[in-house]
Amino acid sequence: MPFRKLLAAAATLAALSSSSFAQDWPNRTVTMLIPFAAGGPIDVLGRILQPYLSEQLGQQVIIENVGGGGGMTGSLRVSQAAVDSHMFALASIGTHAISQSMHKKPPYHPVNDFQPVMLVADAPLVLLVRKDLPANNLKEFIAYTKANAGKMQFGSGGTGTSSHIGCVLLNQTIGVDVVHVPYRGGGPALQDLIGGRLDYICNYVSTALSAVNSGQGKVIATLASERAAAFPDVPTADQQGLKNFDISAWNAVFLPKSATPAQVARLNKALSAVQDNPAFRKRLEEQGLIGISPERRWPEYLRKFVADEIEKWAAPVKASGSQTD
């Protein structure tokens with residue numbers, strides 16, 4: 001057989017094999033990479049999602065936590081994974097929007113270096129303070145912080161995460177300069193707040209729930225535009241005098257850049273089915289998270305949404321002076 005025909009035959013065989021592989025995906029255990037330490041809000045969401053997604057995919061979904069770099073270390077690993085890796089990232093507003101303004105040369109582009117699959121949850125943020133901080137509302141918190149800023153500390157799940165920038169924007173709005181302590185995830189930050197080594201954090205409702213329910217922390221304000229269902233008696237920052245203050249986060253699923261359209265479609269279909277499961281939606285609500293409506297569940301919607309979020313956060317991040325390089 002002439003050499004050119006051999007090449008053509010090889011190419012055809014490779015294409016058929018790739019097509020067959022994509023149709024069979026997943027054919028083994030799938031890894032949900034969470035780019036933060038265990039115990040944080042995104043880890044909690046991942047562990048809620050895990051059993052429902054395993055059922056829809058017909059394969060076991062396991063969780064791997066890879067912290068560091070404000071979530072960018074683990075996200076970068078997913079972006080570079082091979083087509084047969086059976087891996088996806090449970091990403092956040094920090095890893096796939098804020099990060100692009102935090103670094104002059106980010107290690108990846110949130111859309112161009114991944115295959116967007118679907119939004120998974122919207123996540124309003126709250127202001128959580130240590131249990132013995134002498135403030136019970138935002139007005140008292142502002143007064144106390146202005147008087148003691150030099151000896152206070154706030155924590156976050158990492159530099160460039162929503163919990164970091166959320167508090168930076170809050171500090172900027174009320175006119176204080178407080179030391180930031182970054183962690184490898186929201187879980188470790190919460191433990192130091194409970195231990196009294198931090199004064200406050202701005203994080204997901206799910207992070208605050210355990211601390212409040214155990215009497216180890218206090219929620220001073222909801223930072224989103226609407227009150228959190230988990231804390232209906234806690235007014236928003238806007239309702240407490242910070243007009244138009246609105247900080248919310250979100251989580252989404254991204255496959256590696258190498259993923260095929262068939263793989264994206266398969267995972268998207270499974271995630272959408274999970275969203276329609278009343279038990280899953282109830283679990284989300286119990287954690288203060290909001291499910292995604294059908295019209296917002298498409299890969300192209302996520303692609304445009306992320307581009308808009310990058311642009312939305314660029315000016316606030318640069319104005320905050322929080323860029324790391």
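1. Basis. The model is predicted: local features need pLDDT of at least 70, side-chain atom pairs count only at pLDDT 80 or more, and totals for chains, interfaces and linings use all residues. Residues are numbered from 1 along each chain as its sequence is written, and side-chain values use heavy atoms, with hydrogens and water left out.

2. Helices (H or I, at least four residues) and strands (E, at least two) are DSSP runs, numbered from the N terminus.

3. Start of H4. The N-terminal end of H4 is capped by Ser-92, with a side-chain oxygen 3.1 Å from the backbone nitrogen of Gly-94. A polar contact is a pair of N or O atoms within 3.5 Å; within protein, one must be able to donate a hydrogen and the other to accept it, and residues adjacent in sequence count only if both atoms are side-chain atoms.

4. Strand E8. Five of the six residues of E8 (residues 217-222) are buried, so the strand is largely enclosed by the rest of the structure. E8 pairs with E4 in the antiparallel sense over five bridges; strands pair if DSSP finds at least two bridges between them. Leu-128 stands opposite Val-219 in E8.

5. Largest cavity. A cavity is a set of points on a 1 Å grid over the protein atoms alone where a 1.4 Å probe fits but cannot get out, and lining residues have an atom within 4 Å of a point. There are two cavities of 30 Å³ or more. The largest has a volume of about 120 Å³, the volume being the space filled by probe spheres set on the points. It is lined by 14 residues, with Phe-36, Pro-41, Ile-42, Thr-161 and Ser-163 nearest its centre. Helix H2 (41-57) gives the most to this lining, with three residues.

6. Second largest cavity. Its volume is about 50 Å³. The lining includes Trp-25, His-86, Leu-255 and Gln-263.

Definitions and conventions
Buried means under 20% relative accessible area, exposed over 50%, partly exposed in between (1.4 Å probe, protein chains only). On a 1 Å grid over the protein atoms alone, a cavity is a set of points where a 1.4 Å probe fits but cannot get out, and a pocket is an open set with protein on both sides within 12 Å along at least five of seven lines; lining residues have an atom within 4 Å of a point.
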